[in-house]
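Please open the model in your viewer and keep a selection panel at hand.

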There are 4 protein chains.
Amino acid sequence: MKILVTGFDPFGGEKVNPAFEAVKLLPKEIKGAEVIGIEIPTVFTKGPEKVKEAILKYKPDAVLNVGQAGGRCGITVEKVGINYKEARIKDNDGNQPSAQLIKEDGETAYFASIPVKAMVENMRKNNIPSSISYTAGTYVCNDVMYSVLYMLDKEFDGVIGGFVHVPYASEQVLDKANLASMPVETIAKGLEYCIEAIVEFGSNDVDTNLGGTTH
Amino acid sequence: MKILVTGFDPFGGEKVNPAFEAVKLLPKEIKGAEVIGIEIPTVFTKGPEKVKEAILKYKPDAVLNVGQAGGRCGITVEKVGINYKEARIKDNDGNQPSAQLIKEDGETAYFASIPVKAMVENMRKNNIPSSISYTAGTYVCNDVMYSVLYMLDKEFDGVIGGFVHVPYASEQVLDKANLASMPVETIAKGLEYCIEAIVEFGSNDVDTNLGGTTH
Amino acid sequence: MKILVTGFDPFGGEKVNPAFEAVKLLPKEIKGAEVIGIEIPTVFTKGPEKVKEAILKYKPDAVLNVGQAGGRCGITVEKVGINYKEARIKDNDGNQPSAQLIKEDGETAYFASIPVKAMVENMRKNNIPSSISYTAGTYVCNDVMYSVLYMLDKEFDGVIGGFVHVPYASEQVLDKANLASMPVETIAKGLEYCIEAIVEFGSNDVDTNLGGTTH
Amino acid sequence: MKILVTGFDPFGGEKVNPAFEAVKLLPKEIKGAEVIGIEIPTVFTKGPEKVKEAILKYKPDAVLNVGQAGGRCGITVEKVGINYKEARIKDNDGNQPSAQLIKEDGETAYFASIPVKAMVENMRKNNIPSSISYTAGTYVCNDVMYSVLYMLDKEFDGVIGGFVHVPYASEQVLDKANLASMPVETIAKGLEYCIEAIVEFGSNDVDTNLGGTTH
């Protein structure tokens with residue numbers, strides 16, 4: 001099995017992006033699967049294009065995109081990407097779309113095809129706080145998640161994909177008393193447990209009740 | 001114009017549900033539109049069925065479902081309902097579904113057809129904190145939102161619909177120092193401004209950039 | 001009985017200060033007591049001086065200072081003021097003290113002499129979320145609280161005093177999805193219930209357990 | 001130099017207390033100073049008594065008490081302990097005091113005599129989010145902090161003391177999406193950096209402005 005893992009470059013004035021910092025720490029092989037880590041730009045449309053180039057080049061069996069969700073306490077595996085762009089701040093190329101579709105001919109949303117619940121369970125089993133998230137936002141993270149699931153659906157039959165959001169790295173919030181964070185090494189371990197679950201379960205997720213929401 | 005507004009009964013051990021408490025305070029007429037308020041049960045499938053009965057009975061031009069999102073600070077207008085059920089706690093009939101589709105033949109998600117941005121803008125203009133939310137959760141609120149958008153799409157051509165989540169009412173959190181809330185009277189005013197925007201804009205939303213997320 | 005109530009002018013880039021906005025809405029008489037509301041500057045040392053001038057002028061029986069604690073969900077009555085200044089941002093005169101005592105000859109701290117618990121209870125009884133706070137911070141609010149309790153102790157025998165922190169007013173956070181707030185009218189009602197308790201209980205507080213903390 | 005470090009046993013239904021879990025991981029020697037770690041009970045009055053016994057037995061130069069502050073994001077060094085007990089939940093002996101003084105003849109408050117700012121700075125320098133806290137609460141943590149500073153002041157001339165609050169350990173919040181936490185190993189490293197600063201600075205704190213609050 002071959003797994004392509006992507007992390008974004010820094011954006012929004014931050015000096016690092018914990019997503020790519022963690023991806024860089026991943027071993028080259030996890031449970032027998034080959035792991036290929038690449039950096040992609042925090043830019044609408046270009047981010048997904050970079051992923052596509054890498055899919056064509058490496059022909060992976062699974063694609064795991066990783067991004068920063070500043071403010072979240074644990075590592076979250078995203079359930080769904082939506083066909084929508086709305087940006088509070090400019091991306092790294094200066095784009096700031098509002099109320100736009102990502103793909104005119106796309107579904108309203110796609111569910112992740114990686115084993116979301118098994119990934120969360122494997123992280124928890126290994127002492128890493130994690131949960132399912134039901135929104136990947138409307139910025140470049142969702143743009144990549146949605147676009148990759150769209151292209152897998154249309155062009156890369158059998159390849160599974162999905163998105164993981166990680167908290168701020170500790171070094172990003174050293175003097176900010178109210179912001180949650182995680183050491184980059186812990187984030188990297190979390191991603192490793194995610195990949196273990198992908199290798200073990202593929203698209204056949206477990207059906208444990210992991211909580212959901214109460215609203 | 002005729003607008004059907006629904007609010008849930010209390011759940012999760014709470015004595016009141018701010019959604020229906022606020023719906024009860026709505027005037028019978030807003031900007032010339034007739035407002036019909038009803039209570040629906042916090043029960044998977046039964047909640048949406050009650051809405052359908054009311055649609056058949058009152059033949060509204062718009063359906064606005066209102067629910068409680070405990071912990072949120074402002075009134076949020078939901079952008080999207082997803083085809084997924086996952087319950088952290090039992091609903092009022094004892095159901096606790098996990099990892100289930102709502103409709104086997106439904107889309108993965110539906111976007112709200114009420115003017116989400118115009119509603120948020122009208123609340124802000126009137127001093128009520130509000131924003132767009134991109135997840136209605138996976139509990140009965142999302143079950144109603146998704147199911148109603150599904151039925152409007154399949155059976156009630158031209159009727160628009162969507163969902164608004166309101167914070168805890170003040171009386172629910174009197175001694176809880178860290179939980180946000182809103183006076184019920186303020187919540188009711190917020191819903192009134194939502195309905196004003198529905199009357200004025202129908203399904204033709206404004207395209208102002210209201211921020212979105214940065215992840 | 002005569003009660004002096006103070007509210008700060010805006011600071012930190014805000015256009016209003018909910019403290020003084022609410023003080024302005026107070027009735028001139030509450031439960032038979034005369035209420036005198038004044039504005040004081042958000043400036044170290046000068047804030048307390050303004051209070052002293054007003055005490056000399058009006059000869060009140062109680063002094064209630066009110067300030068903004070952005071981010072708090074309910075109205076909090078402060079238990080203690082500490083002899084310490086440390087400022088994250090400049091005050092309205094450009095001062096930014098660090099690690100300084102307020103009074104070289106003062107106690108390390110003073111407890112409020114107004115009936116903290118009775119005030120919290122009366123707000124809760126009237127549907128306003130509230131609790132005791134055990135830190136008034138280290139900025140101008142604490143400077144005023146500590147300095148006023150110091151001067152009451154040294155120079156104004158029999159006059160009681162204390163501090164109430166109020167949340168952001170709704171209009172300050174209209175588009176900030178994660179910040180708690182309260183309508184100014186509700187804040188003003190909360191202050192009115194505080195004053196009712198001061199009139200009724202004076203310095204003889206009730207001894208109900210209101211919770212405290214668990215750390 | 002000899003440093004006594006204490007950690008509480010678990011309370012409030014938790015299976016572990018990250019404070020003592022971290023204390024157990026400390027090296028026996030840090031920067032040439034001997035480190036003695038002990039567990040103390042989460043019980044009013046008994047907690048401080050255990051510390052006193054240990055002071056008499058080990059004759060340390062500094063006492064560092066460590067407790068859990070569930071919900072905080074970083075490691076916080078407490079500035080002040082107050083003469084007040086108010087318990088939301090029972091302690092491990094069933095005590096639940098309300099509105100009580102800790103010491104009838106004690107000051108209203110004591111400031112920590114360990115180098116609070118240098119400790120925070122040293123943690124930040126080593127990539128651990130941390131800040132000064134101005135409230136140790138009103139439960140057993142503050143009971144220990146206040147009582148120890150009281151006894152150092154009255155009976156153990158020259159011995160310095162203070163309190164550090166640590167976040168939940170990761171394993172306590174694995175499935176709680178909104179609670180901040182830290183790996184126990186990271187907490188232990190944080191305590192090590194605190195002790196380094198105590199060894200280096202003693203009671204002579206640095207005077208850098210570390211921010212304080214803005215209310």
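Predicted model: local features only at pLDDT ≥ 70, side-chain atom pairs only at ≥ 80, totals over all residues.

Begin by selecting B:Lys176, which is partly exposed with a relative accessible area of 40%, where buried means under 20% relative accessible area, exposed over 50% and partly exposed in between, computed with a 1.4 Å probe on protein chains only.

Residues are numbered from 1 along each chain as its sequence is written, chains are lettered from A and ligands numbered from 1 in the order in which they are written, and side-chain values use heavy atoms, with hydrogens and water left out.

Over all chains, the salt-bridge count comes to 25. For another of these, select A:Glu155 and A:Lys52, whose side chains meet at 2.8 Å, N to O. A:Glu155 lies in helix H4 (residues 140-155) of chain A and A:Lys52 in helix H2 (residues 46-58) of chain A, so the pair ties together parts that are 103 residues apart in sequence; helices here are DSSP runs of H or I with at least four residues, strands are runs of E with at least two, and both are numbered from the N terminus.

Next, select B:Glu86 and A:Lys117, which form a salt bridge at 2.7 Å, N to O. This pair crosses between chains, from the loop between strand S6 (80-82) and strand S7 (109-111) of chain B to helix H3 (residues 116-125) of chain A, and both B:Glu86 and A:Lys117 are buried.

Now show chains C and D together. How many residues of chain D are in contact with chain C? There are 43, in contact with 43 residues of chain C, contact being heavy atoms within 4.5 Å. Two salt bridges are counted between these chains, and one pairs C:Glu86 with D:Lys117 at 2.7 Å, N to O.

Finally, select C:Leu64 and D:Leu64, which touch the most other members of the largest nonpolar core, a set of 143 residues; such a core consists of buried Ala, Val, Leu, Ile, Met, Phe, Trp, Tyr and Cys residues joined through side-chain atoms within 4.5 Å.

Key
Salt bridge = Lys/Arg side-chain N within 4 Å of Asp/Glu carboxyl O.
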